[in-house]
Amino acid sequence: MNIAAIRSIAPRPVPTNGPSHIKLVTASNRDENDRDTATLSGSANDEFQGVQFRPARLAKRQTAAWRGLTGEVVRIVSQDSFESDYQGPCHLLVLYTQASRHRGESVVEGLPRSTLHDFSDKLTFVPAGRHFRELQEPRVLTRATYFHIDPRGPLVEREAAFAETELAPRLFFDDPVLRQTALKLEALIEAGRSGSRLYAEALATVLVHELLRLNGGAVPAEPPMRGGLAGWQRRSVAQYIEENMSEQISLAELAELARLSVFHFSRAFKQSFGMPPHRYHTSRRIERAKTLLAKPIQSVTEIALDMGFSDTSSFTAAFRKMAGRTPTEYRRSIV
């Protein structure tokens with residue numbers, strides 16, 4: 001099945017491998033949960049649907065639930081094309097352990113779509129109520145962990161700031177501290193009932209603190225530069241370029257991210273960064289390439305392709321223009 005075929009599938013409830021409804025531990029049923037470290041069954045009162053996959057047969061799930069947090073390790077068992085989507089009352093944090101695709105797209109409501117090919121070890125955060133959708137033609141057997149956090153649940157009772165804060169959506173970002181916490185929770189999910197409930201809930205609290213810390217850097221508090229982008233616009237655009245370094249980023253995507261017309265965005269971007277968007281993107285690629293050239297692990301051709309250049313010659317021309325020498329000459333000068 002290809003992406004075009006998947007697009008024709010109308011969204012509808014589908015059966016999943018294992019229970020499609022996962023119990024979320026809330027203030028009303030926490031005593032019951034204290035008697036059982038993790039549950040895979042749902043109740044009539046406290047249910048929600050996790051991330052849905054189509055075709056459902058491709059997704060194998062391993063689930064655990066604690067106070068206000070439910071986690072699912074999902075393994076895609078075939079390289080057939082598939083679609084996934086989620087929209088619900090819980091915040092969703094996704095940890096992509098292994099994820100690479102030939103083609104596809106990922107969309108978080110409120111952000112530009114991404115067609116990033118390799119997003120292993122990346123994170124995605126979807127605030128409660130926002131729509132999240134992915135279309136994949138996978139290059140490898142995909143593996144990801146989905147954490148559902150109840151913004152009103154017992155996990156955040158002592159963290160009023162978390163319940164009251166409007167958390168910003170993020171697509172394919174990297175935060176080492178948050179990722180390490182998520183990896184520890186992932187290991188507890190895979191451990192099943194042998195995992196420690198108290199340790200899991202302590203980690204879940206850390207997860208909440210890390211999300212608050214991360215969100216603190218996205219508050220648009222800085223005034224706009226005269227004729228340039230506002231502080232939040234500069235940060236959002238720069239972060240998006242860093243996270244999609246090897247992709248072809250259109251001017252329209254960046255303008256949408258900054259909530260400006262293409263015309264006004266182009267002028268404001270140059271005022272803020274001192275160069276047009278395309279040149280800035282290329283300069284960031286060259287700076288990343290310099291870091292890779294300092295390590296004699298990859299060939300110049302491999303680095304060129306990793307940085308999104310179509311061939312070695314175009315990479316060499318861009319590198320020479322920015323750095324004043326060829327990639328090979330640069331490598332010889334530092335290695």
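**Close-up views around strand E10**

**View 1. Tyr86 and Phe132 face each other across a strand pair.** Tyr86 lies opposite Phe132, a residue of strand E10. Please keep in mind, as you look around, that this is a predicted model. The pairing of strand E6 (residues 82-86) with E10 is antiparallel and runs over five bridges.

**View 2. Strand E10 meets strand E8.** Here Gly104 is found opposite Gln136 of E10. Seven bridges link E10 to strand E8 (residues 101-108), again in the antiparallel sense.

**View 3. Four strands make up an open sheet.** The strand order is E3-E6-E10-E8, and the pairing is antiparallel. Which strands stand at the edges? They are E3 (52-54) and E8; each has a single partner strand, so one side of each has no neighbour in the sheet. On average, neighbouring strands of this sheet are turned by 15 degrees against each other, direction ignored. As a reminder for this view, strands of a sheet pair through backbone hydrogen bonds.

View 4. Of the seven residues in E10 (residues 132-138), six are buried, so the strand is largely enclosed by the rest of the structure. For the protein as a whole, 51% of the 335 residues count as buried.

**View 5. Stepping back to the whole protein.** The fold holds twelve helices and twelve strands. Taking contacts between residues at least 6 apart in sequence, 73% join residues at least 24 apart. The protein exposes about 15900 Å², with carbon and sulfur atoms supplying 51% of that area.

How values were computed. Residues numbered from 1 in each chain as written. Predicted model: local features only at pLDDT ≥ 70, side-chain atom pairs only at ≥ 80, totals over all residues. Heavy atoms only, no water. Helix = DSSP H or I, 4+ residues; strand = E, 2+ residues; numbered from the N terminus. Buried < 20%, exposed > 50% of the residue type's maximum accessible area, 1.4 Å probe, protein only. Contact = heavy atoms within 4.5 Å. Areas by Shrake-Rupley, 256 points an atom, 1.4 Å probe, with all protein chains shown as cover. Pairing = 2+ DSSP bridges. Axes fitted to C-alpha atoms, helices over the stretch in contact; angles between N-to-C directions.
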